[in-house]
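Open the model in your viewer and keep the sequence panel beside it. This tour goes from one selection to the next and says what to look for at each stop.

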Amino acid sequence: MSDLTKLTLAGARDALKKKEFTSVELTKAYLDAVEGAKALNAYVTVTADKALDMAKASDAKLAKGEGGTLEGLPLGIKDLFATKDVLTTACSHILDGFKPPYESKVTSNLWRDGAVMLGKLNNDEFAMGSSNETSFYGPVVNPWRRKGDTTKIVPGGSSGGSSAAVAARLCLAATATDTGGSIRQPAAFTGTVGIKPTYGRCSRWGIVAFASSLDQAGPIARDVRDAAIMLRSMAGYDENDSTSVDRPVPDYEAALGKGVKGLRVGIPKEYRVDGMPAEIDALWTRGIEWLKAAGAEIVDVSLPHTKYALPTYYIVAPAECSSNLARYDGVRYGLRVEGKDITDMYEKTRAAGFGTEVRRRVLIGTYVLSAGYYDAYYLKAQQVRTLIARDFTEAYRSCDVLLTPTAPSAAFGIGEKTADPLSMYLNDVFTVTVNLAGLPGISVPAGLSSEGLPLGLQLIGKTFDEETLLRTAYALEEAAQFNAEPAAWWRA
């Protein structure tokens, strides 16, 4: 095999079982790729020695005909997941030097199934961002470029390190988290597949919290099959997480290939927003035609409260962020900036430790939770959130899955939107409703923009119906036949 990093996760899994190469050989190929791709800034910590030790252990199991479903497969881990004795900072200065004495449930599940950890992936600070420009370690660079243009573009956020690493072949697949679109939007920007499962499907234990009622872990992978394989390992009940749901984890890979004949696909009219680029609308129309040709029935549906989703999200998420980030005070772990008394120390530590976007959201969240504003903002937002969830319940009376665009545009240049937070927040216009309602959603690469950048289509499923979501995504993937790759300019 000339380049082991070109294999999909499923392809590498099958080849390892056939002993066509070893996990050590595969892992070394990825470590070499990571070393040669520093220009992308996708990894913040590389765990080369640990990866090779894990690979050797996997090879010993495979030699005996043993091993788990991910045995010997090298993965990247978003820096939001606690990894025992390995630096975990959420890409924030305030968590400098923090090495957890415990492992997140999701990564524990991956190691249980034999996966190999290559290292920790860059993300927006505390997962707050839509472009991966807020990280303390600097922005991640999308491996894709506009046609005839060397401008560095964003990989989406907050899971930009995960999406860039998968797109640039720096890992077989990666863990990610999604609070308002942070798996699906970066997947759309990089030509990868990202699935945000139903809230409660994957444990949040050991994942650095942003907004606890919205955060959900999921994978970013090269294709739908790889995403299905990853999700099966990541998912599962966890008694340490009170929001984890105790129900069996299906074999998601087995659900693929069943087709969509007779399936009802809903098209929400409210997602045709003003100012949407013609190429996004055209891609959506092509997606509808692809699924119709595959045998699905197309149904028009209405989600009337969609227009309130962004303002609702940007009240609920900052409110929960304000509460969750109160724990970072310089007393127990991470950064400490000494002051003349404890209050001064708190203030100086938090001022120095948090970046601009995190401070902005903490301030907004503290404001909407404050006396006199709680009822007017936070309580009202929670009431609207209930209405948004009810819209989906009504829509699913007439359809099985929804089809929408993933993002309102292709990826944009680094620095192009940082001065305009509202413009940046609009990147989440098609994705936040899914988190507010706790539903599963997936982004599938479906075409290229006029500038040669990837564009994605989003499917939204019913609660805990990831099987239908994935088989519809597989049919969409088969029809789209997206096989474009970024030119490897970063290796030059």
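Helices and strands here are DSSP runs, numbered from the N terminus. A helix needs at least four residues and a strand at least two. Keep in mind that the model is predicted.

**Stop 1: a cis peptide bond**

Select Gly157 and Ser158. The peptide bond from Gly157 to Ser158 is cis. Its omega is near 5°. Ser158 sits in the loop between strand 3 (116-121) and helix 5 (160-167).

**Stop 2: two residues with positive phi**

Go to Lys19. Its phi is near 60°, a positive value in a residue other than glycine. Lys19 belongs to the loop between helix 1 (9-17) and helix 2 (23-35). Is Lys19 buried or exposed? Lys19 is exposed, at a relative accessible area of 52%.

Jump to Phe464. This residue is not a glycine either, yet its phi is positive, about 55°. Look for Phe464 in the loop between strand 11 (454-461) and helix 16. With a relative accessible area of 17%, Phe464 is buried.

**Stop 3: helix 7 against helix 16**

Select residues 224-234 for helix 7 and residues 466-480 for helix 16. Their axes come within 9 Å and cross at roughly 160°. Angles over 145 degrees count as roughly antiparallel, so helix 7 is roughly antiparallel to helix 16.

Show the side chains at the contact. Which residues make it?

- From helix 7: Val224, Arg225, Ala228 and Leu231.
- From helix 16: Glu466, Leu470, Ala473, Tyr474 and Glu477.

Color the residues of this contact by type. Six are nonpolar, three are charged and none is polar.

**Stop 4: a salt-bridge network**

Keep Arg225 selected; helix 7 uses this residue in its contact with helix 16. Arg13, Asp14, Arg225 and Glu253 are linked in a network of salt bridges. Side chains of opposite charge can pair when their charged atoms come close. How many salt bridges are there in the count? The count comes to 23 salt bridges. The next stop visits some of the pairs.

**Stop 5**

Start with Asp400 and Arg264. Their side chains meet in a salt bridge, at 3.3 Å from N to O. Asp400 lies in the loop between helix 13 (374-395) and strand 9 (401-405), while Arg264 is in strand 7 (residues 264-268), so the pair ties together parts that are 136 residues apart in sequence. Asp400 counts as buried, at 15% relative accessibility. Arg264 is partly exposed, at 26%.

Next, select Asp329 and Arg332. This salt bridge has an N to O distance of 3.1 Å. Is Asp329 buried or exposed? Asp329 counts as buried, with 12% relative accessibility.

Finish with Asp149 and Arg146. In their salt bridge, the closest N and O atoms are 3.8 Å apart. Asp149 counts as partly exposed, at 27% relative accessibility. Arg146 counts as buried, at 13%.

Note on methods: Residues are numbered from 1 along each chain as its sequence is written. This is a predicted model: local features need pLDDT of at least 70, side-chain atom pairs count only at pLDDT 80 or more; totals for chains, interfaces and linings use all residues. Side-chain values use heavy atoms; hydrogens and water are left out. Axes are lines fitted to C-alpha atoms, for helices over the stretch in contact, and angles run from 0 to 180 degrees between N-to-C directions. Angles under 35 degrees count as roughly parallel, over 145 as roughly antiparallel, 65 to 115 as roughly perpendicular and the rest as oblique. Contact means heavy atoms within 4.5 Å. Ala, Val, Leu, Ile, Met, Phe, Trp, Tyr, Cys and Pro count as nonpolar, Asp, Glu, Lys and Arg as charged, and the others, Gly among them, as polar. A salt bridge is a side-chain nitrogen of Lys or Arg within 4 Å of a carboxyl oxygen of Asp or Glu. Buried means under 20% relative accessible area, exposed over 50%, partly exposed in between (1.4 Å probe, protein chains only).
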